[in-house]
Amino acid sequence: MTSDLIGLNWISVAAIVGMAVVTLATRLGGFWLMGNVTITPGIERFLRHMAGGVLVAIVTAAAMNGDEAMWAGLAAAIAAMLILRKPMTAIALGMAIAVGLRQFLI
Amino acid sequence: MPDAIQQVEPQNSAPPSFTRSGVWHGMRLTVPFSISAFPFGVAFGAAAGAVMPPGDATLMSALVFAGSAQFAVLGLWTMPLPLVALTLTALLVNARHVVMGAALHPFFAGLPRRWVMLMAAGMTDGGWAITMQEVTRGRRDLGILAGTIIMQWPVWVGGTLLGALIGSAGLDPKRWGLDVLIAGVFATTVIGLYRGRGDILPWLAAIGGTAGALLWLPGNWYILIGGACAGLAGLWRHDK
């Protein structure tokens, strides 16, 4: 039970350390590059749009693999965010709708 | 998240420094971010606690300290862990840091490199935005960035631990809407990133690339392909 709570088997730790190392590399990368090479406007545009694209990809995958409750919840969260511009409220609304649908309808 | 970073060259401002008053100033400016980081930390912990032990979730928040990347890997966190896909996803989601660091670099030129690198290691979107705003106003104090880290890291890690203990109590993630929570975090982040029509084509390209990858390719290629499609579409649109 204790080991279930704490976790930390070698493969999980390896995954977390791998994520930490590449994340550190991105944080230091901009400072390091500027001292050595120039970041062209093209590279900057590619990186900036790629960052948004990765997030769009995750939302698209969630929608394609999701059930009706996911679609309704996601649609509600997006609509609420467009209107209210409050992420927390929008996400909470989406969750509530999905939970309600799964509880009572599906 | 940076948008259209111009290379602002420091001019007519004090030389760069690292002062205690800068640290305090950074901490004060970060309070609103700390307040929102806590519930997000709890939410991440709860979602993570459903797929991994609380110890792993907390270690991840402590070492990776990057909310979007951490949420992004949760969908991939199934045994056996896909190490390459997990690492690659963290790299792609965090690639924006390169642009952010490059924009901040000139303002701290002249300070010892290891100070700058040490503080860069804890740079978040919020911390970057606060520091960038202050240095462009002439206050080139690396302590500000340090202050943003002091006010965010403990909150994020503590929130994760609390959420993970709740989430590991055998919750059914779908019944509690945790899958919608994860998708909603990204959907609202994307909307918050919108800076004008120039973003629409890259996002449509990402949707198209992702849908194609999910339909025709095995595994988790969709993240790489969606990101690459958006990056290329963003380049192409500006080259015309």
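From the N terminus on, the elements of chain B run α-α-α-α-α-α-α-α-α-α-α, which amounts to 11 helices and 0 strands; here helices (H or I, at least four residues) and strands (E, at least two) are DSSP runs, numbered from the N terminus. The structure is a predicted model, in which local features need pLDDT of at least 70 and side-chain atom pairs count only at pLDDT 80 or more, whereas totals for chains, interfaces and linings use all residues. Residues are numbered from 1 along each chain as its sequence is written, chains are lettered from A and ligands numbered from 1 in the order in which they are written, and side-chain values use heavy atoms, with hydrogens and water left out.

The overall dimensions of chain B were considered next. The radius of gyration of chain B is 19 Å, which agrees with the value near 18 Å that a compact globule of 240 residues would have; this radius is taken over C-alpha atoms, and the globule rule is 2.2 Å times the number of residues to the power 0.38. Along its principal axes, the C-alpha trace of chain B spans about 55 × 50 × 30 Å. Of the 240 residues of chain B, 55% count as buried, where buried means under 20% relative accessible area, exposed means over 50%, and partly exposed lies in between (1.4 Å probe, protein chains only). Among contacts in chain B between residues at least 6 apart in sequence, 79% join residues at least 24 apart, a contact being defined by heavy atoms within 4.5 Å.

The accessible surface of chain B comes to about 10,200 Å², and 67% of this area belongs to carbon and sulfur atoms; such areas come from the Shrake-Rupley method with a 1.4 Å probe, and for residues only the protein chains shown count as cover. Chain B carries 14 positive and 10 negative side chains, with the centres of the two sets lying 5 Å apart. In this count Lys and Arg are positive and Asp and Glu are negative, while His and the chain ends are not counted, and the place of a charge is taken as NZ of Lys, CZ of Arg, CG of Asp or CD of Glu.

Several local features of chain B can be described individually. Helix 2 (residues 54-63) of chain B is largely enclosed by the rest of the structure, because 7 of its 10 residues are buried, among them P54(B), G55(B), D56(B) and M60(B). Just after helix 2 of chain B comes F65(B), whose place is in the loop between helix 2 and helix 3. F65(B) has a positive phi of about 50° although it is not a glycine, and at 7% relative accessibility F65(B) counts as buried. Most residues other than glycine have a negative phi, and most peptide bonds are trans. A cis peptide bond joins M79(B) and P80(B), with omega of about -5°, and P80(B) is placed in the loop between helix 3 (67-74) and helix 4 (83-94) of chain B.

Further along chain B, H97(B) is found in helix 5 (residues 96-104) and counts as buried at 1% relative accessibility. Leaving aside its neighbours within four places in sequence, H97(B) is in contact with T23(A), T26(A) and R27(A) of chain A, and with M123(B) and D125(B) of chain B. S168(B) is found in the loop between helix 8 (142-167) and helix 9 (178-193) of chain B, and at 29% relative accessibility S168(B) counts as partly exposed. A polar atom of the side chain of S168(B) lies 3.2 Å from the backbone oxygen of L165(B). The C-alpha atoms of S168(B) and R195(B), which are 27 residues apart along the chain, are separated by 38 Å.

Chain A follows the pattern α-α-α-α-α when read along the sequence, with 5 helices and 0 strands. The radius of gyration of chain A is 20 Å, well over the 13 Å that the globule rule gives for 106 residues, so chain A is more spread out than a compact globule. The C-alpha trace of chain A spans about 60 × 45 × 25 Å along its principal axes, and buried residues make up 46% of its 106 residues. The accessible surface of chain A comes to about 5,200 Å², of which 73% belongs to carbon and sulfur atoms, and the mean positions of its 6 positive and 4 negative charges are 17 Å apart. In the loop between helix 4 (68-84) and helix 5 (87-104) of chain A lies R85(A), a residue other than glycine with a positive phi near 60°; R85(A) is partly exposed, with a relative accessible area of 46%.

Methods
A polar contact is a pair of N or O atoms within 3.5 Å; within protein, one must be able to donate a hydrogen and the other to accept it, and residues adjacent in sequence count only if both atoms are side-chain atoms.
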